[in-house]
Amino acid sequence: MPSSIQVTKRLLSLIADEDSSDEQIAQAARGLLQSTHGTSASNINNVLEVISLGLDVDDPSRASVLMMVCGSLVELGAKTTPLHEPLIRQFHKLIEQSHSFHEAMLSNLPNSKNKDRDRATALRLASAELPDEAEAWNALEQSYPAGIALFSVSREARHLASRELASVRNIAEFHPGAGWLWKILQVLDDEPLLVIEPLTGLGIVGRMNGVSDNFQLNVLLMDVFPRGWFQRRRVSKLAANVARGIGPQHTDDAIYGVWNLYTKAALNSDGTLPDPKDHEADKTTAVWNEGIPADIPLLDGHRVVLLGPKSYIRTWHAQRDFNLLRADISKVRKLKQAEVENWLDRIRTSS
């Protein structure tokens, strides 16, 4: 029985052979992944290293096969360092080729109310005009989970990709895979965070890591923000673990929001927050659950979140966007009363 390394070299040979068929390549890729299941960590690492050396493939469809194999190996626990630069280079190629297709699609987008039909029409017309770019567009949709896997487990790779792949933002609205890549590349790490509840005078500072949206941030805040001596947990330990990237990616646990979250601009001159029923204020100063932490305005290097009474019962299920991405609010320190007052003064004068 051939070793995993032999099977890997066979796959790379088929990828390089212009006469090999898609079915041969797909079968070899499946065989490679089967050969690694249940093997040692060192074997999986060796396989990934061999593939990383052969990732610079010009054909988008064939490149996507190797990228998907790499993503699967990352999910099996392979060390990712050899993969960082070649996989990001390959994503860069696909994204750049997809830009031209995106422009062609937009130029063919009819102006009607049936957006689904319009997009299907635009995709069909653009594919006929630019078949090579369409292949890259489709390859990116096939391979983006490999990027999600890598950028979830490697902060270093995510930081590198956030610089090298920033242009993925330009196609994220119409390309689902690009949308997910753009979302994970905006995730912050070791980001200073200031959270104050003006009504109670409680506040914390900490460091935010791996949080992909404000639903997740809200859950983590409910778990770490100070509670009274006899107050029960705001969220279950299981729901908090889901938000931290521990255990299942989602559960049926219902989350009940306890606050309205606001930006620093919401603080009134008298130190209060808007009336929770003031929906006009919400439009400009709310930190919406559907948003992301990177959009929360800064003050002196800190993302500032102000907590106010909830305006209505807000519920959602415990879940996270990215299964392998660990998240937390670390180095949490409860602020002294004088510190809270000082921060509130600085917030008022900054707005």
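**Close-up views of a predicted model**

**View 1. The largest pocket and its lining.** Of the 14 residues that line the largest pocket, Val287, Trp288, Asn289, Tyr312 and Arg314 lie nearest its centre. Its volume is about 150 Å³. Strand β4 (259-262) and helix α10 each supply at least two lining residues, and β4 gives the most, with 4. A pocket here is found on a 1 Å grid over the protein atoms alone, as an open set of points where a 1.4 Å probe fits, with protein on both sides within 12 Å along at least five of seven lines; lining residues have an atom within 4 Å of a point. Grid points are joined across faces, edges and corners, and the volume is the space filled by probe spheres set on the points. Please keep in mind that this is a predicted model, in which local features need pLDDT of at least 70, side-chain atom pairs count only at pLDDT 80 or more, and totals for chains, interfaces and linings use all residues. Residues are numbered from 1 along each chain as its sequence is written, and side-chain values use heavy atoms, with hydrogens and water left out.

View 2. Among the buried ones are Asn214, Gln216, Leu220 and Asp223. At the start of the helix, a side-chain oxygen of Asp213 reaches to within 3.2 Å of the backbone nitrogen of Phe215. Helices (H or I, at least four residues) and strands (E, at least two) are DSSP runs, numbered from the N terminus.

**View 3. Strand β1 and its two partners.** β1 (residues 191-197) runs antiparallel to β2, joined by 7 bridges, and parallel to β6 (residues 302-309), joined by 4; strands pair if DSSP finds at least two bridges between them. Leu194 stands opposite Val205 in β2, while Ile196 has Leu306 of β6 as its bridge partner.

View 4. In the hairpin of β1 and β2, 4 residues lie between the strands, and Gly201 takes a positive phi near 75°. Strand β2 (residues 202-209) has 6 of its 8 residues buried. Look for Met208: this residue stands opposite Glu191 and also opposite Ile329 in β8. β2 and β8 (residues 328-334) run antiparallel, with 5 bridges.

**View 5. The nonpolar cores.** The largest core has 62 residues, and Leu11, Leu73 and Phe151 have the most contacts inside it. Helix α7 (residues 131-153) provides the largest share of this core, 11 residues. Apart from it lies another core, of 28 residues, including Val211, Leu220, Ala243 and Trp316. A nonpolar core is a set of buried Ala, Val, Leu, Ile, Met, Phe, Trp, Tyr and Cys residues joined through side-chain atoms within 4.5 Å.

Key:
Buried means under 20% relative accessible area, exposed over 50%, partly exposed in between (1.4 Å probe, protein chains only). A polar contact is a pair of N or O atoms within 3.5 Å; within protein, one must be able to donate a hydrogen and the other to accept it, and residues adjacent in sequence count only if both atoms are side-chain atoms.
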